[in-house]
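This briefing is for a reader who is meeting the structure for the first time. The points below are grouped by topic.

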Amino acid sequence: MSAHPRATCIIGVARQTWHPSEVGAEGAPEPLAMWEHTARAAAADSGVGDPAALLGALGSIDVVYTQSWQYDDAVARLAARLGAEPARRRYSGIGGSVPLALAADVGRAVRDDGLDLALVVGAEALATVRRLKKAGERPRWSYPPAEKRRFPMDMTFDPSEIAHSVFEAYLTFALFDNARRAHLGRPLDDHRAALGGLLAAMTEVAASARNAEHAWFPTARAADDIATASADNRMVAYPYTKLMTSIMDVDMAAAVLLASAEKADALGVPEDRRVYLRGYAYAEEPEHVAGHRELWRSPAMAAAARHALGGAGVGADDVAHLDLYSCFASSVCFALDALGIGDDDPRARAVTQTGGLPYHGGPGSNYVTHSLAAMAETLRADPGALGLVSGVGMHMQKHAYGVWSSDPGSGPLADAPPYAPAHGPLGIVGSPEGTATVAAYTVLHGRDGAPERALLVCDLPSGGRCYAFLEGGPAALAQAEVDELVGETVTIRPEGEGKPNLAVPI
């Protein structure tokens, strides 16, 4: 089937990791150099005769926000290095869904605004920044802004979240994981074993010949080694050990070149380099964790998956290859549930093309640029097959899904219907009194591996929710990792405005 002229396709990809053993004491290049390097590599990957001319013809450059270094004008500095003068220039915000959303925005601009050639690129050198910090030094990279800029945090915190320190992703995604476990009625040890099996398969992908040069941890591990806490694998937030958490301090970059089908024709891009965007959708959950009505699943994620597949005219069973956003196991499991893919998947599809964020590495907001590049590689090698890539932003809030294939389908990218939840978020009560029912919880551990506190999300008789810390000392914390707390009744004792609540078991 010939492509619609305004269909959007990936024509070139590149991804590179600068391993500590390779870069020496100086560390990785600065992000600007990494952007340029992968952009040029992606242009060469397109198969066109003059990659430099291709970059010079860019009509759009999207740079994914980098946490490693602030530039005065990141896109302008990169454009100058590439010899490009794009009319469309954007420096993104933060979040795991960002690169996929940028690619979809390109698709709409190709369809509606005459855009023909675009670059999405991102890089992090956070491992190098960390090594320099340990040595008492700082990066001395180019073009800093005249004044330091505020971090673009794309969310707010409820006062009760501040009082209970509901900030870290490893905490919030563990809450979701435990809520799902309780909903399934799965014993605690059985659930941890299941998560270990899921993640062990991801380590095998990271360690594969295809991905070993790209993965930060290219080592296959056994399920028990991942799920069992030990001196070398401390518990972080139950049920997550250190080996189950995303690693963000990495040095890596990735780039994706996209074009209209007619521009790809004009450039002479070979058909076997093209991977088309067939469907895309985006949906959001409530901003605050306790506001999610169903902590064990994500209706917004399910809607995004359904609409992306519907836009491509296919179902989940038609998809051959997956890369499900994997910052933590709950984001993968929620996605599998949303797609209706169980443990007995007859196709035994891998959930990642790279190894996932805990093993490939999660470079800030740019992981999905890597997964898009890897998915393009996969689909080039499997002509006509369908691939599904997802992104998750913030605390299981922002969900993006994209369907890709070397088969262009019948037209340009179609708009998905907007997601309209059946109900609004639950209200968060700051200092309630009386009984409540545990809806989700996790036990936080310190760097020495010892449990420090248990955070609970509780259902209130009024219909709202509250956060609370479990009272009872070390014994209660240890027991919460043995016996199910979800569904148990507790008495909430507020400590005062702006202070955390205590939950006393009944």
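Pro239 is found in the loop between β5 (235–237) and β6 (240–241). Helices (H or I, at least four residues) and strands (E, at least two) are DSSP runs, numbered from the N terminus. The model is predicted: local features need pLDDT of at least 70, side-chain atom pairs count only at pLDDT 80 or more, and totals for chains, interfaces and linings use all residues. Residues are numbered from 1 along each chain as its sequence is written, and side-chain values use heavy atoms, with hydrogens and water left out.

**Backbone points**

- Most residues other than glycine have a negative phi, and most peptide bonds are trans.
- The peptide bond that joins Tyr238 and Pro239 is cis, with omega about 10 degrees.
- Ser165 is not a glycine, yet its phi is positive, at about 55 degrees.
- Ser165 is found in the loop between α7 (159–163) and α8 (169–184).

**Helix pairs**

- The axes of α2 (residues 31–45) and α4 (residues 74–82) come within 10 Å and cross at roughly 50 degrees; axes are lines fitted to C-alpha atoms, for helices over the stretch in contact, and angles run from 0 to 180 degrees between N-to-C directions.
- That angle makes α2 oblique to α4 (under 35 degrees counts as roughly parallel, over 145 as roughly antiparallel, 65 to 115 as roughly perpendicular and the rest as oblique).
- In α2, Leu32, Ala33, Trp35, Glu36, Ala39 and Arg40 meet Ala74, Arg77, Leu78, Arg81 and Leu82 of α4, where contact means heavy atoms within 4.5 Å.
- The contact of α2 with α4 has seven nonpolar, no polar and four charged residues (Ala, Val, Leu, Ile, Met, Phe, Trp, Tyr, Cys and Pro count as nonpolar, Asp, Glu, Lys and Arg as charged, and the others, Gly among them, as polar).
- The axes of α5 (residues 98–113) and α14 (residues 367–380) come within 6 Å and cross at roughly 60 degrees.
- Pro99, Leu100 and Ala103 in α5 meet Val368, Thr369 and Leu372 in α14.

**Val486**

- Val486 lies in the loop between α15 (473–479) and β15 (489–494).
- Val486 and Val438 are 48 residues apart in sequence, and their C-alpha atoms are 4.9 Å apart in space.
- Leaving aside neighbours within four places in sequence, Val486 is in contact with Asn178, Ala182, Val438, Ala439, Ala440 and Tyr441.
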